[in-house]
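Opening the notebook on this two-chain model. I want to go through the domains, the overall build, the contacts and a couple of helices.

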Amino acid sequence: MAKKKKLSVDKTVTPLVKKAKDDGTNLVWDRLEDQSPPCGFGKSGLCCRLCAMGPCRINPLKEGEKKGICGATAETIVARNFSRMIASGTAAHSDHGRGVAEVFLAAAKGEIPGYEIKDEKKLYQVAMDFGIEIGDRDTKDIAVDIGEKALAEFSRQEGELLFLKRAPLKRQEIWRKLGIAPRGIDREVVEIMHRTHMGVDQDHRNLMLQGSRCALADGWGGSMIATELQDIMFGNPRPIAGQVNLGVLKEDEVNIIVHGHEPLLSEMIVLASRDLELVKLAKEKGAKGINIAGMCCTANEILMRHGVPLAGNFLQQELAVTTGAVEAMVVDVQCLMQSLADVAKCYHTKLITTSYKAKVTGAEHIEFDEHDALNVARKIVRTAVENYPNRGKEKVLIPDEKNDMVVGFSHETINYLLGGLFRAAYKPLNDNIINGRIRGVAGVVGCNNARTVHDSNHLTVIKELIKNDVIVLTTGCAAMACGKVGLLTPEAAFEYAGEGLASVCEAVGIPPVLHMGSCVDNTRILMAATAVVKEGGLGDDISDLPAAGAAPEWMSEKAIAIGQYFVASGVFTVFGTTFPVLGSEKMRKLLFEEFEETLKGKWAFEPDPEKMAQMMIEHIDKKRKELGIDKARERVLYDMAMRRELEG
Amino acid sequence: MSKLIASAAIRGANKIITRAETKYKEVLDKYGPDQEVGFPNTGYYLPIILGILGIQVKNLGDMKQVLERCRVLLPPMVKEKNALPYLAPALDAGMATLFAEELIEAIRYLEEPNFYVRGEDPTEDNIWLGAADDIILRKRGIEFVDGTAPGFAAILGSAPSPEIAARIAQELQEKNLYVFMCAEHNGKRFSEQLVEAGIQIGWPTRLVSFGPDVSAAVFAMGFATRAAMSFGGIEPGDFRKILIYNKDRVFAFALPMGYVTDEWYANAAGVINWGFPVIADTPIPEVLPTGICTYEHVVSNIPHDQLVSKAVEVRGLKVAVAAVPVPVSYGAAFEGERVRGEDIYLECGGGKTQAVEWTTTKDMNEVEDGKIEVIGPDVDDIEPGSRLPLAIVTEVAGRAMQEDFEPILERQIHHLINYAQGMMHIGQRDIAWIRISKAAKEKGLKLSHIGSILHAKFHQDFGTIFDKVQIKIYTEEDKVKEITEKARAVYRARDARIEGMTDETTETYYSCTLCQSFAPSHVCMISPERTGLCGAYNWMDCKASYEINPTGPNQPVEKGETLDSKLGQWKGCNEFIFKASRQKHDHFNFYSIMDAPMTTCGCCECIAAVLPTCNGIMTVNREYIEMTPCGMKFTTLAGTIGGGLSTPGFVGHSKYNVCQRKFIAGDGGIQRLVWMPKMLKEELMERLKKRGEEIGIPNFHEMIADETVGSTEEEILPFLEKVGHPALKMDPIM
């Protein structure tokens with residue numbers, strides 16, 4: 001691989017890459033070199049392998065008529081591929097949500113020990129949103145109804161998803177008018193698969209309407225169900241101090257990394273790690289204790305609720321094993337590199353798969369069974385503990401890097417933080433947006449991508465935004481990038497934020513970048529945006545807000561689904577790195593321009609992070625102007641007549 | 001909130017809550033859990049705790065759950081580095097602080113019942129006024145409602161010197177603000193400094209010395225909380241509405257003067273919940289972003305000469321300061337100031353000499369606007385402690401001027417003169433009584449300034465109904481006598497005219513929505529025979545008010561088709577009520593207590609209530625603090641029916657209304673009245689006798705029971721039977 005190229009801005013990377021080389025194992029960056037340059041047709045979305053007449057590809061540089069063998073145009077091919085990415089991303093989030101709903105229902109029925117209702121307030125909120133009677137009914141009964149209704153959302157065939165009603169009214173009207181209010185979660189995914197089959201939907205606008213509907217079934221459906229039910233079962237996140245980066249691994253303790261996306265098992269592993277018998281066993285094996293650390297979004301889930309440290313983000317998964325200090329890497333679903341099995345072989349680390357949906361050749365499989373979750377978790381922890389004596393001390397290199405952070409900003413918690421128990425409201429946020437101390441709100445989320453310098457784009461965009469008084473909401477691997485450089489500390493406001501944003505952060509005691517959770521938790525950003533709209537003073541739709549979204553280092557299909565549901569919810573959304581529609585001018589026009597007329601939100605692509613930030617700020621300023629809050633306002637002094645005019 | 005403030009507030013809250021807990025354990029051992037506790041003469045228990053938590057603290061045992069809530073609310077200390085968000089926890093801690101302090105003060109009332117004086121004024125040896133009882137709340141609350149007082153300044157600590165304290169207090173008074181004082185700095189307290197500077201403190205001058213300790217801040221916050229419940233009609237425990245109500249409608253702020261202790265920070269964090277900002281004279285950290293308060297939350301290091309204007313700006317308050325060319329301070333806050341004994345330089349009226357006030361209309365060419373004549377000796381011509389006869393004649397002219405407006409302008413003379421610092425005015429018409437203090441004379445105040453005041457204020461407040469006014473002030477005995485005769489003839493003619501007006505012959509009634517600043521769904525409807533329930537507005541006042549300000553709170557309402565002549569309901573009125581109550585009410589009956597009675601804002605002079613056993617009604621005036629036969633004291637009644645509600649069986653009304661012909665005419669009229677406090681009966685005696693004659697029962701006033709007969713229905717019924725009260729023979733009232 002090219003030695004000159006910088007791999008990461010994270011200081012843990014270089015020494016561990018060197019160690020991996022010394023230890024004789026390959027990492028993601030080595031494979032990147034093998035895979036470069038990427039196929040231009042695939043990259044631009046112009047490769048169609050949907051039928052056996054093909055594969056076809058459209059050469060954008062070729063003169064004259066350009067079509068696939070079946071006659072499919074560039075925009076049809078690109079739109080089909082893009083829609084299928086949405087379907088896949090939606091399926092990933094939603095299957096996660098379905099799993100949560102199943103466990104939730106079983107727990108509510110008292111069929112599985114270990115799970116309970118931790119957040120009654122949220123239970124009632126969801127019950128109301130689902131139209132479930134509360135009265136003086138037992139919470140268990142209400143929970144059963146919620147579980148059943150939630151599960152039914154996946155197989156719903158008609159009507160609308162229940163959570164759509166949470167959105168601002170104007171937004172709901174837009175969806176209905178365009179005919180993109182999703183009916184059922186599975187149905188929308190299946191319909192994309194049908195409509196993108198050879199010879200079905202061959203109008204790129206029509207395809208993208210279904211793409212939007214499917215994406216909405218993710219954001220306001222599957223993902224939201226996952227977030228909401230997880231909060232009820234495991235607790236709504238509240239601000240909590242945590243630490244991040246590979247330095248959280250402990251030299252003298254059994255290190256277990258939980259990696260993937262679901263909290264169902266990891267919650268139990270956290271419990272099992274505190275089991276006195278297992279702790280005793282660890283001591284017998286020569287360790288001082290059992291240390292759980294997270295990776296990717298499983299990490300975010302348990303960090304937000306328990307303060308369990310984060311080992312790192314997507315591109316650090318192999319590096320964690322490379323430290324030689326990890327007894328077990330326990331994975332569930334999504335964003336698992338198959339190469340983990342190879343890297344693990346080089347050390348004593350056991351790679352343990354736990355979902356029947358995600359097995360990895362060469363890994364040990366201990367299947368998660370929600371009916372016996374705690375015992376499965378104990379078995380996993382025990383396996384790790386027993387592996388401790390196999391750790392080769394000479395092969396251990398734990399980087400020093402670890403950073404403090406404050407995390408746990410659910411949209412409900414933000415509401416509390418802005419006014420306390422007695423005056424909780426989004427009003428202070430709206431007020432300070434209106435008065436210009438806060439210029440706008442940005443959601444910067446998403447993955448890592450080996451094709452960009454690890455974490456660099458995230459940090460450049462986010463630092464530029466907060467410097468310009470734009471408060472940043474973040475999730476997923478982007479959030480971890482921020483944590484690693486201290487952007488998630490309250491002190492960061494003074495170091496990085498503009499004067500206005502810093503003054504608000506100081507007043508509330510929050511970091512300028514708020515960690516809102518895992519990637520399914522992007523729904524929290526939707527809800528926060530909705531709360532801002534409902535508080536008033538900033539228009540009556542999400543699209544009216546001085547807000548923008550970005551995924552500077554995206555790589556997964558889930559990111560495309562998220563991006564599309566943000567666009568379809570009215571948000572200007574910029575993606576970096578690469579974008580799989582660039583091959584079709586008509587698709588570029590649809591996504592980058594026409595959507596602004598229909599969906600009131602649109603896509604943009606900009607690989608340069610500084611330019612990306614500027615585009616977002618320009619959009620925010622445009623919205624401020626439309627709202628008439630681009631100029632300083634005079635202080636209004638009230639007399640009695642004005643007080644009488646106030647509504648009761 | 002800056003981290004420093006939050007940390008200090010949480011530390012302070014911890015100390016105060018611990019102190020309350022210790023104190024509670026101590027008195028619990030001594031008195032037991034059933035010992036009654038509370039502030040004197042209030043229906044709101046411990047008002048902050050009642051308003052915010054919805055808990056009625058009636059006895060010591062009830063304090064336990066409040067203390068437990070305090071502990072739950074108390075957040076952990078703020079870490080130095082990587083701190084968790086602290087604004088919300090600090091606000092919660094501030095709230096817990098106020099709960100704890102309210103308990104501390106209640107325990108003080110239990111242990112030292114005479115620590116605070118009762119009533120509106122300090123005594124010779126005790127300046128601490130303590131909790132405002134409900135009479136003060138209602139009397140003073142009305143000033144907040146009608147805008148006479150836009151808000152209050154809560155001052156903690158002390159100024160660098162008594163002179164600076166006096167200047168700040170005077171500046172606040174000039175802006176019509178109440179000044180609520182507590183806490184000590186450098187061994188001094190602001191209230192004590194004012195006394196030292198020779199300033200009259202107490203409720204009448206709006207300089208309220210609540211208490212010596214910081215915990216007395218709860219008396220200010222309790223006042224604000226009660227305003228929301230009694231005038232805003234907000235239910236106890238509906239904390240969010242109570243706090244927002246205060247943010248939007250009670251323009252208060254805190255002025256910590258001197259070193260800000262942890263305990264002060266804790267209190268500051270508490271008051272921010274109400275939307276009251278903090279303006280400090282010391283360099284404490286500032287909290288400028290808006291949100292909880294309308295504008296900034298904490299502004300600091302303000303020089304003393306800018307403190308008041310800065311505070312008013314930060315609170316977002318527009319104050320119209322009267323520009324009156326007099327050499328003394330001028331404003332509503334000086335209305336309650338007394339001039340007596342050795343302080344008197346000049347006295348006119350009050351039984352010693354004749355004093356009279358008269359407003360009359362002249363032709364345009366007879367009046368030279370702004371001309372002020374003093375006919376006879378003025379202050380400079382007499383010795384200290386002198387008496388003079390006095391006639392104040394205001395001659396008004398203008399195209400829009402009407403004879404009906406004369407009494408309205410004339411009635412202003414009382415408070416307009418009173419607003420001048422060092423000038424006291426009592427009475428009206430031919431029983432006026434004026435004193436000028438030596439201090440005011442010292443500053444150059446003369447009788448001619450009465451003319452300056454009336455000229456300036458008449459134009460400011462009533463400029464739309466007249467064009468010119470000239471003032472003649474007579475101090476020669478024969479002249480005064482002559483004018484008194486003329487004026488008396490006019491008074492008689494006026495009275496006859498207003499007495500002669502009837503609802504039937506009047507097509508236009510007036511609305512009064514003045515109180516909507518505090519009770520948004522309340523609508524007063526005023527007809528000639530149903531004066532406003534506050535006692536301040538009759539039909540004629542409303543008419544004039546409308547002429548003066550056509551878009552103001554008094555609007556003409558064409559009564560339209562009569563829907564029920566007995567109960568007093570008109571189509572046009574109903575339509576107006578529906579609109580003006582913001583769709584909360586679609587009708588009410590002018591003359592009924594039983595069937596859709598008129599709404600009550602909370603500032604009514606009296607409240608009538610049905611007494612089923614006696615088949616009649618009682619009424620009670622707000623000055624009467626004892627129990628009444630309906631089982632409720634005035635304050636409980638007001639709390640129950642105030643805030644813009646229409647409550648069958650109860651209705652608010654003015655004192656004057658009792659003897660008007662249409663008083664609950666729909667339910668049988670005054671003949672239903674079986675009980676009223678003795679003090680009210682005596683106040684209304686003349687008119688009661690007259691009304692008795694009108695209804696053919698000349699001794700009717702003797703048939704109405706009062707507290708000397710009894711304070712329960714059972715106690716008064718035998719009396720009513722004995723005197724043959726007409727109510728007992730009437731149709732069942734329910």
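Predicted model: local features only at pLDDT ≥ 70, side-chain atom pairs only at ≥ 80, totals over all residues.

**Chain B: domains and build**

I began with the domain assignment of chain B, which gives domain 1 (3-315), domain 2 (332-479) and domain 3 (508-729).

Next I looked up how domains 1 and 2 of chain B sit relative to each other. Their C-alpha centres are 39 Å apart. Contact is made by nine residues of domain 1 of chain B and six residues of domain 2 of chain B.

Then the overall build. Chain B has 21 helices and 23 strands. Its C-alpha atoms fill a box of roughly 80 × 65 × 45 Å along the principal axes. I checked the radius of gyration of chain B: it is 27 Å, which agrees with the value near 27 Å for a compact globule of 734 residues. Of those 734 residues of chain B, 56% count as buried. I also looked at sequence separation: of the contacts in chain B with a separation of 6 or more, 75% are between residues 24 or more positions apart.

**Helix H16 of chain B**

How many of the ten residues of helix H16 (residues 539-548) of chain B are buried? Eight of them are, so H16(B) is largely enclosed by the rest of the structure. I wrote down the buried set of H16(B): B:Trp539, B:Met540, B:Asp541, B:Cys542, B:Lys543, B:Ala544, B:Ser545 and B:Glu547. That list includes B:Asp541, B:Lys543 and B:Glu547, which count as charged.

What do they pack against?

**Chain A: domains and build**

Over to chain A, which is divided into domain 1 (13-57), domain 2 (74-234), domain 3 (246-395) and domain 4 (405-627). I looked up domains 3 and 4 of chain A, whose C-alpha centres lie 32 Å apart. There, 13 residues of domain 3 of chain A are in contact with 16 residues of domain 4 of chain A. On the domain 3 side, the elements of chain A giving two or more residues are helix H12 (296-306) and strand S6 (310-312). H12(A) gives the most, with six residues. By class, this domain 3 side of chain A has eight nonpolar, four polar and one charged residues.

For the build, I count 27 helices and 16 strands in chain A. The radius of gyration of chain A is 24 Å, close to the 26 Å that the globule rule gives for 648 residues, so chain A is as compact as a globular protein of that length. The C-alpha trace of chain A spans about 75 × 70 × 50 Å along its principal axes. As for burial, 61% of the 648 residues of chain A count as buried. Among contacts in chain A between residues at least 6 apart in sequence, those joining residues at least 24 apart make up 75%.

**Where A meets B**

Between the chains, 38 residues of chain A are in contact with 40 residues of chain B. I listed the elements of chain A that give two or more residues to this side: strand S10 (403-407) and helices H16 (411-417), H17 (420-423), H18 (427-434), H22 (499-508) and H27 (640-645). Which of them gives the most? H22(A) does, with five residues. By class, this side of chain A has 19 nonpolar, eight polar and eleven charged residues.

**Helix H26 of chain A**

Last entry. Helix H26 (residues 609-627) of chain A has 19 residues and reaches 27 Å from first C-alpha to last, close to the 27 Å expected. Its buried residues are A:Pro609, A:Met612, A:Ala613, A:Met616, A:Ile617, A:His619, A:Ile620, A:Lys623 and A:Arg624. Why do they line one face of H26(A)? Because, seen down the helix axis, they fall within an arc of 155 degrees.

After H26(A) comes A:Gly628, with a positive phi near 75 degrees.

Notes:
Residues numbered from 1 in each chain as written. Chains lettered and ligands numbered in written order. Helix = DSSP H or I, 4+ residues; strand = E, 2+ residues; numbered from the N terminus. Expected span 1.5 Å × (residues − 1). Buried ≥ 20, exposed ≤ 12 C-beta atoms within 10 Å, placed from the backbone. Arc of directions from axis to C-beta. Rg over C-alpha atoms; globule rule 2.2 N^0.38 Å. Contact = placed C-beta atoms within 7 Å. Domains from an automatic or database assignment.
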